[in-house]
Structure formats: structure tokens, C-alpha cells
Amino acid sequence: MAALQEYGMGAGASRLVTGNHPLYTQLEKELAEYKNTEDALVFGSGFLANLGVITALLPPDEMILADRLIHASLVDAIRLSGVKFQRFRHNDSDHLRQLLAKQKQRCWIITESVFSMDGDRAPLQEMLNLAEEFDAMLVIDDAHGVGVVEHCLNGATKKIIWIGTFSKAAGSYGGYVCATRDHIAKMVNHSRSLIYTTALPPAVIAANLAALRIIRTQPELTALPLEKAQLFNPEAQSAIVPIIIGEEREALKAAEMLEEEGFLAIPIRPPTVPVGSSRLRLAFSALHEAKDIARLAAVIRKIRP
Ligand SMILES: *Cc1c(COP(=O)(O)O)cnc(C)c1O
């Protein structure tokens, strides 16, 4: 509110023209500290950050190895970059190793920390070890990890490029990249999704800064979404828990039944997920109460005994 009153709503222009508000510098400094990288860069959204990283950083003669289930924005960025790519089986580091061993060029491994439609986590430490062994780079889309799941990775942080968004657990809007100073400088000069778009409104940057400070200082709060998800299913790995239904029509029907009981559970259908794996995607938050979670489980048991 204070930032809105002081600076007004719009940013006025691209960051490279007059939109580069001083709040950006503070946010990027704290983001780099948070992810323990040399530098950080804030984009308009997570989608724009993915575009900016992959189209600006990846040399056309190198190779991308990407998880089968990466987000649509990463797939579009890869296509736009024109860099050759192959997919490895979902979260399968053995398959990734086989593909790495076959390449003559340098490789860029692309994955998500927490998969957006399955809620499962990538074996990031194994992938970082592979990146070190094969002199590859590891690009991690942490959209659903930030503010919910912390990753402790041992190894060369210069091998990792973190991408994230303020639009999920942080409850705001905007994307970011944490990487080496050289990589960030290259993106400032070459990421068209940074250069040719208007900067974020200053009040949004201030909100992102406030959210990041909560994430960094209140681990008991950021642990809650996963704890709540594990009340529902002890095997949950993140705040996202899918209930796989199968047919599209069945998933729609299940969502309607839940809505009648007062639960909003969005049915996810192809092409977002593979044909035959339509699902209800449950997302737990710090504010969900144990008694409501128990009632949700009872209702779902009735729908899917
Ligand atoms: C939501 C999401 C994005 C896009 O982020 P926005 O800030 O909404 O543009 C990118 N990657 C993944 C994995 C996401 O879930």
C-alpha cells in the first residue's frame, strides 16, 4: 500500500528505458542471497523468465536434455530457442545419465523442482552430481518449490540456474532468475522477454520483496502447506496433490461433486496432462484447517472408493 501511494501504479516503461525502479535492486540482491547465487534478475512473470533464460543463454550448437513433464512455458522457450533437445523419462536420472553419456556437445539439463501437475519432486542432488560429472548446466524451474519446499544441494552452485515465480506461494506476480553474474549480464543484454516489455509496477516489486522476506524469515509458516498436504496424504512431496481420475468427463464430474460439498478442486485435462490421466489437482495452503482436510478426504473416498 505504501509503495502504491508513493510511486503510483504503472512502471512507465521497460527496465532498460525508465522502468528500472530502485526497488528492483533490493529485490535482486535479496533473491541472490536467498538462493546463494552471485546475482539475480527479475522478469515480468515466470513465463517470461523461462523464455529469457533459454533463448538468451543457450548456445545454438549445444544440447538440451529436458524432463518429459516440464511446464509448457519451458517447452515453448526451447522451441523458440531452436536449440536441439531430447527428453528424459520423468525424474529418471539413470535415463538422463545415458543421454548425457551419448552427447558430444555441452548439455543443459532442464527440470522442475516440484512438478506442477503431479506435485512430485525431481532428484535434484543426483542431477547436480550428473551436471558436475558431465560438465553440464542444470536449469531448475522452482515455481512450485519457492516458499513451500527448500532444497539443500551440495556442489557447485555455479552449475545451477534457478528460475521462479512470485505468482504461486508468494501470492503476488513476477518471475526471477538466480545465476552467476556473467549469466545475468548476458540476459540483461539478450533476453528479449526482459528488454521489450514494460517493467513490473513498483507496488508489485515491493509486495514481492515483502513476500521474499517472509519466506526467508518464517520457516514455520512456509512448512505449513506441505504439512497440510501430508495430513491428506502422508506421501505428499509438496503442496500439490493430484487425484488421478482418468477420463476427462469423470474428472469434470468429480470436480462438480466436490464443489457441491464446498471444495474447489480444479479438474486438469489434456493437453495439460497426458490423455487418460485427467485429474483433480489439489493445492494445500497454510490456511487450510485439519477438520476441512479430513472432510475433503471423506468426500473423495465417497467419489473414488
Ligand atoms: C506457473 C508456472 C510458470 C509460470 O509462472 P508465471 O509467473 O505464472 O508466468 C512457470 N513454470 C512452472 C513450472 C509453473 O508452474
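Predicted model: local features only at pLDDT ≥ 70, side-chain atom pairs only at ≥ 80, totals over all residues.

**Entry 1: the cavity.** Strand S1 (39–43) and helix H8 (192–195) each give at least two residues to the lining of the largest cavity. I then listed the whole lining: Arg15, Tyr24, Val42, Phe43, Gly44, Ser193, Leu194, Thr197, Thr198, Ala199 and Leu200. The volume comes out at about 70 Å³. How many cavities of 30 Å³ or more does a search of the whole structure find? I got one.

**Entry 2: the pocket.** Next I looked for open space. The largest pocket holds about 500 Å³. I counted 23 lining residues, and those nearest the centre of this pocket are Val148, Lys168, Ala169, Ala170 and Pro225. Helices H9 and H10 and strand S10 each supply at least two residues of the lining. Which element gives the most to the lining of the largest pocket? H9 does, with three residues.

**Entry 3: helix H9.** That sent me to H9 itself, which runs over residues 202–217. I checked its length: 16 residues at 1.5 Å a residue should span 22 Å, and the end C-alpha atoms are 23 Å apart, so the two agree. Then I noted the buried residues of H9, namely Pro202, Ala203, Val204, Ile205, Asn208, Leu209, Ala211, Leu212 and Ile215. What do the buried residues of H9 pack against? I found three partners: helix H1 (2–7), helix H2 (22–35) and helix H10 (219–222).

Entry 4: I moved to helix H7, residues 181–190, where His183, Ile184 and Met187 are buried. Why do I place these three on the same side of H7? They cover an arc of only 100° around the axis, which puts them there. The face turned away from that buried side carries Asp182 and Asn189, both exposed.

I also looked up Thr180, which sits in the loop between strand S7 (175–179) and H7. Thr180 has 11% relative accessibility, so I wrote it down as buried. Leaving out residues up to four places away in sequence, Thr180 touches Glu38, Asp39 and Lys158. I checked one more pair: Thr180 and His21 are 159 residues apart along the chain, and their C-alpha atoms are separated by 22 Å.

**Entry 5: the nonpolar cores.** Here I wanted to see what gathers inside. The largest nonpolar core has 42 residues, and Leu27, Leu31, Leu65, Leu96, Leu100 and Ile109 have the most contacts inside it. A second, separate core has 28 residues, including Leu51, Ile54, Ala77 and Ile110. Beyond residues up to four places away in sequence, Leu65 touches Gln86, Phe88, Leu96, Leu99, Leu100, Gln103, Cys107, Trp108, Ile109 and Ile110.

**Entry 6: Ser116.** I followed the chain to the loop between strand S4 (107–112) and helix H6 (124–133), which is where Ser116 lies. Is Ser116 buried or exposed? The relative accessibility is 8%, so Ser116 counts as buried. Setting aside neighbours within four places in sequence, I found Ser116 in contact with His71, His144, Ile240 and Arg281.

Entry 7: A reminder to myself first: most residues other than glycine have a negative phi, and most peptide bonds are trans.

- Asn91 has a phi near 55°, a positive value in a residue that is not glycine. Asn91 sits in the loop between strand S3 (84–88) and helix H5 (93–102). With 18% relative accessibility, Asn91 counts as buried, since the cut-off is under 20%.
- Asp135 also has a positive phi, near 50°. Its loop lies between H6 and strand S5 (137–141). I noted Asp135 as partly exposed, with a relative accessible area of 42%.
- Pro270 and Pro271 are joined by a cis peptide bond, with omega about 10°. Pro271 is in the loop between strand S9 (266–268) and strand S10 (278–283).

Note on methods
Residues numbered from 1 in each chain as written. Heavy atoms only, no water. Core = buried A, V, L, I, M, F, W, Y, C linked by side-chain atoms within 4.5 Å. Buried < 20%, exposed > 50% of the residue type's maximum accessible area, 1.4 Å probe, protein only. Contact = heavy atoms within 4.5 Å. Helix = DSSP H or I, 4+ residues; strand = E, 2+ residues; numbered from the N terminus. Expected span 1.5 Å × (residues − 1). Arc of directions from axis to C-beta. 1 Å grid on protein atoms, 1.4 Å probe; cavity = no way out; pocket = protein on both sides within 12 Å on 5 of 7 lines; lining within 4 Å. Points joined across faces, edges and corners; volume = space filled by probe spheres on them.
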